[in-house]
Amino acid sequence: MATTPAPAQDRSTVGTLLRLWPYVRPVRARLSSAAFVAILASCVGLVIPLVLKWMVDGPIAHRDPAGVWLGALYLLLLGFTEALLFGLRRLLVARPLSHVEASMRADLYRHLQRLPVAFHDRWASGQLLSRATTDLMLLRQFLAFPLTFLLVNGVTIVVGVVIMLLQDWTLGLVVLGPAVPLMVTCMVFEKRYAKVARRAQDQVGDLTTVVEESVLGIRIIKGFGRHRSQARAFRDLSKTLRGTELRKARLLATIWGVIVTLPEVAIGAALVVGVVQVADGALSAGTLVAFLSTALALRWPVESIGFLLAMSQEAATATERYFEVMDEEEEDATTAPGTGTGSDSATGTGHAGDRGLRFHDVRFRYPDAPADTPPVLQHIDLHIRPGESMALVGATGSGKTTLTALIPRLYELTSGRITLDGVDITELSRHALRAKVAVAFEEPTLFSAAVGDNVLMGAEDTAGTADLERALAVAQADFVHALPQGTDTQVGEQGLSLSGGQRQRLALARAVVGQPEFLVLDDPLSALDVHTEAAVEAALRQVLADTTALIVAHRPSTVLLADRVALLSGGRIAAVGTHHELLRTNAEYAHLMSGEEEGAR
Ligand SMILES: Nc1ncnc2c1ncn2[C@@H]1O[C@H](COP(=O)(O)OP(=O)(O)OP(=O)(O)O)[C@@H](O)[C@H]1O
Ligand SMILES: [Mg+2]
């Protein structure tokens with residue numbers, strides 16, 4: 001459902017790139033010494049024309065072979081020093097920059113873990129993936145190369161121009177002629193390139209999303225024979241991306257053409273003017289040689305500016321995309337915005353009536369839902385007493401999953417309060433809250449890890465083998481012991497695939513392993529056969545005896561696990577009572593429980 005969020009378009013390239021400073025700061029010494037070494041290397045290169053001048057006007061003019069050999073030796077030494085210095089620069093930057101990339105990636109990952117679920121509902125995963133990979137790679141390349149060389153080449157150009165003006169200022173002015181049109185072209189180019197670069201990088205994100213979804217959904221695609229349409233979607237997106245990349249290439253080609261042609265023309269003109277001057281005797285041949293070789297030495301620094309600017313532009317776009325995610329607000333550690341409307345009950349440990357899990361006039365609307373739709377939940381008042389198990393029943397789509405997600409604060413309430421033993425959940429730290437409340441969701445997700453580790457995720461680090469065994473027993477997940485390596489068997493994406501019911505039982509084990517005070521189970525037995533279900537229920541009954549629990553249920557057998565039942569209908573709690581009471585008094589409940597075609601999915 002999520003797509004590309006609209007980019008913010010109000011920052012200059014430099015302004016955007018400056019945001020990288022906190023990451024670059026730790027390596028600033030290395031980076032600036034590398035830049036210094038590179039400037040030194042470039043300037044050494046600029047001495048070469050001066051040696052040439054000395055050779056032409058001295059030893060060559062006086063036909064002195066020994067002097068020519070000496071000059072050649074100087075040139076060799078200078079060339080060697082230049083190469084050595086450039087090598088040193090590379091050595092200096094490689095390690096610190098991989099460090100910058102790694103720490104930016106680590107920060108992004110950490111941040112993604114802390115962003116609210118609502119953020120992940122909104123953003124396509126491919127967009128996040130491409131930011132964590134392609135964009136960060138672009139940034140490392142930028143710091144390694146264009147950043148240094150924009151500076152180095154800038155200094156080289158200035159020094160070279162000064163040398164040329166000192167040799168002969170009229171020739172110098174001839175060469176400088178195209179500087180102004182060149183700068184204007186670069187500026188126009190930069191603006192246009194920024195737009196296309198942003199589009200290309202967003203399209204990479206969209207493409208990543210399609211690839212990711214088709215890998216995750218490969219069974220559906222194959223099962224429904226949708227590979228053609230999926231391939232078409234991929235082809236269309238990559239065609240669009242190719243178009244954008246070609247547009248980038250065309251822009252780059254244009255600027256490259258201008259940047260290469262103008263200086264060549266200027267050098268040609270200087271050559272003509274210079275030769276005339278030498279013929280008139282107004283200029284020494286050595287000076288002309290020095291002048292022209294300086295001008296030729298400056299060709300590369302000038303020509304490179306086009307693609308250095310392009311790379312900087314891509315880096316600015318990458319920075320922008322990176323910080324779009326980083327600027328999203330993390331889940332607040334404690335208090336949430338938009339809560340605290342009802343403040344009748346005191347905070348801290350409340351009186352007896354407040355113990356247990358309690359919803360106080362809760363109203364909830366998904367943050368990305370259109371404003372004119374009614375909230376999914378409203379006026380929810382529900383009290384689950386300590387040690388009590390409450391079943392939550394309602395038609396499909398009535399908001400049961402939504403209601404359970406509010407307890408571990410996966411979403412923030414629109415208004416109202418939820419209290420655990422009288423303490424508002426927004427006043428508990430996330431850590432404390434999630435240690436108190438354990439959940440098993442409708443879709444049991446397993447990670448690429450050992451079976452045992454997947455289950456133990458539900459507990460503090462102190463949980464051991466005994467806890468694991470107990471949890472597996474409650475969930476009737478004995479099949480684990482028959483796996484090739486028992487609880488050490490790798491499951492999930494890289495490992496063994498388990499059946500839906502097996503996964504569901506592991507998710508249930510994960511929920512109970514930490515012996516939580518509050519247990520929230522979203523339809524935990526839906527994928528089990530009648531016999532396994534009965535066995536799990538029998539074991540679960542013991543756990544529920546001393547846990548406060550909310551269990552979403554579709555079948556009468558699961559409902560019977562609970563002490564009382566709440567019926568969710570039209571976004572409200574329509575009725576609360578025992579199963580038998582509700583069967584007698586509530587027509588909707590009786591209807592939901594009677595026909596399997598209504599009650600079960
Ligand atoms: N992330 C979301 N963003 C916006 N709307 C959502 C989101 N998740 C669910 N909804 C909407 O909220 C409503 C309630 O969904 P919910 O998943 O809570 O139903 P449910 O009672 O658990 O249904 P089921 O019995 O099928 O599991 C639905 O209309 C659904 O479209
Ligand atoms: Mg649900």
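Tyrosine 74 is partly exposed, at a relative accessible area of 39% (buried is under 20%, exposed over 50%, partly exposed in between, with a 1.4 Å probe and protein chains only). This is a predicted model, where local features need pLDDT of at least 70, side-chain atom pairs count only at pLDDT 80 or more, and totals for chains, interfaces and linings use all residues. Residues are numbered from 1 along each chain as its sequence is written, ligands are numbered from 1 in the order in which they are written, and side-chain values use heavy atoms, leaving out hydrogens and water.

Let us stay with tyrosine 74, which lies in helix H4 (helices are DSSP runs of H or I with at least four residues, strands are E runs of at least two, numbered from the N terminus). Together with Trp54, Leu70, Leu73, Leu76 and Leu77, Tyr74 forms a nonpolar surface patch with about 610 Å² of accessible area. Helix H4, residues 65–114, gives the most to this patch, with five residues.

Next comes glutamine 378, found in strand E2, residues 377–384. Glutamine 378 is buried, with a relative accessible area of 16%.

Threonine 401 lies in helix H14 (400–406) and glutamate 442 in the loop between strands E6 (437–440) and E7 (449–450), so the pair ties together parts 41 residues apart in sequence. Threonine 401 is partly exposed at 32% relative accessibility, and glutamate 442 is partly exposed at 28%.

Conventions: Patches are made of residues with over 30% relative accessible area and no salt bridge: like charges are joined within 9 Å, nonpolar side chains (Val, Leu, Ile, Met, Phe, Trp, Tyr) within 5 Å. Accessible areas come from the Shrake-Rupley method with a 1.4 Å probe; for residues, only the protein chains shown count as cover. A salt bridge is a side-chain nitrogen of Lys or Arg within 4 Å of a carboxyl oxygen of Asp or Glu.
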